[in-house]
Amino acid sequence: MVEENGSIRTLSVDIGGSGVKAMVLDITGHPVTERARLDTPQPATPEVVINAIVVLAAAQGEFHRVSVGFPGVVRCGVTETAVNLHPDWIGFDLETALLKHLNKPVRVINDADMQGFGAIAGKGLEMVITLGTGFGSALFIDGKLVPNMEMGHHPFRKGETFEQQLGRAELEKIGDKRWNRRLEKAIASLQHLFNYDYLYIGGGEAVRVNLQLPLNVKLIPNITGLLGGIALWRDEKR
């Protein structure tokens with residue numbers, strides 16, 4: 001790999017239920033290319049999503065390593081859940097597959113975890129939720145990740161999960177006003193459950209948040225999900 005003198009470039013990829021995004025970051029985590037996006041192919045099998053990543057990568061110029069955020073539980077580069085993609089992802093070694101296609105070192109992490117790395121201050125108990133096709137979540141203690149916390153599939157209210165109540169399909173069904181009321185209840189519920197110091201709200205539907213947020217709750221731009229990719233390489237030890 002290129003010496004760590006500022007010339008190492010990281011291709012950061014965010015796989016979502018509706019879109020696959022990519023951008024190249026410099027050694028400090030700042031973008032050196034424009035964010036590119038392709039609609040997530042349907043059905044979203046590993047093969048077609050990897051093909052989309054290869055197409056995006058080819059248009060991003062030079063890079064030396066790859067960070068990927070995936071919407072599900074990831075362990076040692078293997079995707080263990082994929083509620084909003086395709087069942088073929090369960091047990092799929094995404095890290096190895098992308099290494100073969102891109103011929104670069106690859107690290108894969110849950111997408112909300114990666115977005116969290118791009119948002120947190122690294123002090124105290126910080127939580128991230130992402131509002132998009134589904135409902136992602138991440139938890140950090142003094143900057144250290146508690147991995148694969150799938151809060152979206154935890155019971156929330158009326159016998160339904162956070163994702164069932166606040167995912168994109170439900171948002172389109174009930175409209176912004178009712179969705180925001182539910183979100184307000186979710187924020188209060190998570191505050192009581194985790195007693196977080198700070199909550200960050202991101203994801204593609206965060207732009208539709210329209211309520212008076214508590215002082216310790218902050219909206220973050222969707223691009224944060226790509227900016228967090230640099231954190232996967234801060235410690236070269238796995």
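Is E205 buried or exposed in this model? With a relative accessibility of 9%, E205 counts as buried, because buried here means a relative accessible area under 20%. The structure is a predicted model, and its protein chain is made up of seven helices and 15 strands. The radius of gyration of this chain is 17 Å, close to the 18 Å that the globule rule gives for 238 residues, so the chain is as compact as a globular protein of that length.

**Overall shape and surface**

- Taken along the principal axes, the box filled by the C-alpha atoms of the protein chain is roughly 50 × 40 × 30 Å.
- Among contacts in the protein chain with a separation of 6 or more, 60% are between residues 24 or more positions apart.

**Domains**

- The domain assignment divides the protein chain into domain 1, which is given as 10-113 + 225-233, and domain 2, which is given as 120-219.
- Twelve residues from domain 1 and 15 residues from domain 2 take part in the contact between them.
- The centres of domain 1 and domain 2, taken over C-alpha atoms, are separated by 23 Å.

- E205 is placed in the loop between β14 (198-202) and β15 (217-219), and, when its neighbours within four places in sequence are left aside, E205 is in contact with L131, G132, R168, L171 and W179.
- I50 belongs to helix α1, which covers residues 46-58, and I50 counts as buried because its relative accessibility is 4%, where the cut-off for buried is under 20%.
- Not counting residues up to four places away in sequence, I50 touches F92, L94, A97, L98 and H101.
- I50 and R37 are 13 residues apart along the chain, and their C-alpha atoms are separated by 14 Å.
- Q165 is found in helix α4, which covers residues 162-166, and at 2% relative accessibility Q165 also counts as buried.
- The residues that Q165 touches, not counting those up to four places away in sequence, are F156, R157, E160, E170, W179 and R182; W179 is also among the contacts of E205.
- Between Q165 and Q115 the C-alpha to C-alpha distance is 22 Å, and the two residues are 50 residues apart in sequence.

**The loop between β11 and β12: N148 and E150**

- N148 lies in the loop between β11 (144-146) and β12 (155-157), and the place of E150 is likewise in the loop between β11 and β12.
- The phi angle of N148 is near 55 degrees, which is a positive value in a residue other than glycine.
- At 19% relative accessibility N148 counts as buried, because the value falls under the 20% cut-off, whereas E150, at 25% relative accessibility, counts as partly exposed, because that class lies between the limits of 20% and 50%.
- Not counting residues up to four places away in sequence, E150 touches G72, V73, T81, N110 and S137.
- The C-alpha atoms of E150 and R65 are separated by 27 Å, and these residues are 85 residues apart along the chain.

**Backbone features in other loops**

- A cis peptide bond, with omega about -5 degrees, joins Q42 and P43, and P43 is found in the loop between β3 (36-39) and α1, the helix that also holds I50.
- N103 lies in the loop between α2 (94-102) and β8 (106-110), and N103 has a positive phi of about 55 degrees although it is not a glycine.
- The relative accessible area of N103 is 64%, so N103 counts as exposed under a cut-off of over 50%.

How values were computed: Residues are numbered from 1 along each chain as its sequence is written. This is a predicted model: local features need pLDDT of at least 70, side-chain atom pairs count only at pLDDT 80 or more; totals for chains, interfaces and linings use all residues. Side-chain values use heavy atoms; hydrogens and water are left out. Helices (H or I, at least four residues) and strands (E, at least two) are DSSP runs, numbered from the N terminus. The radius of gyration is taken over C-alpha atoms; the globule rule is 2.2 Å times the number of residues to the power 0.38. Contact means heavy atoms within 4.5 Å. Buried means under 20% relative accessible area, exposed over 50%, partly exposed in between (1.4 Å probe, protein chains only). Domain bounds come from an automatic or database domain assignment.
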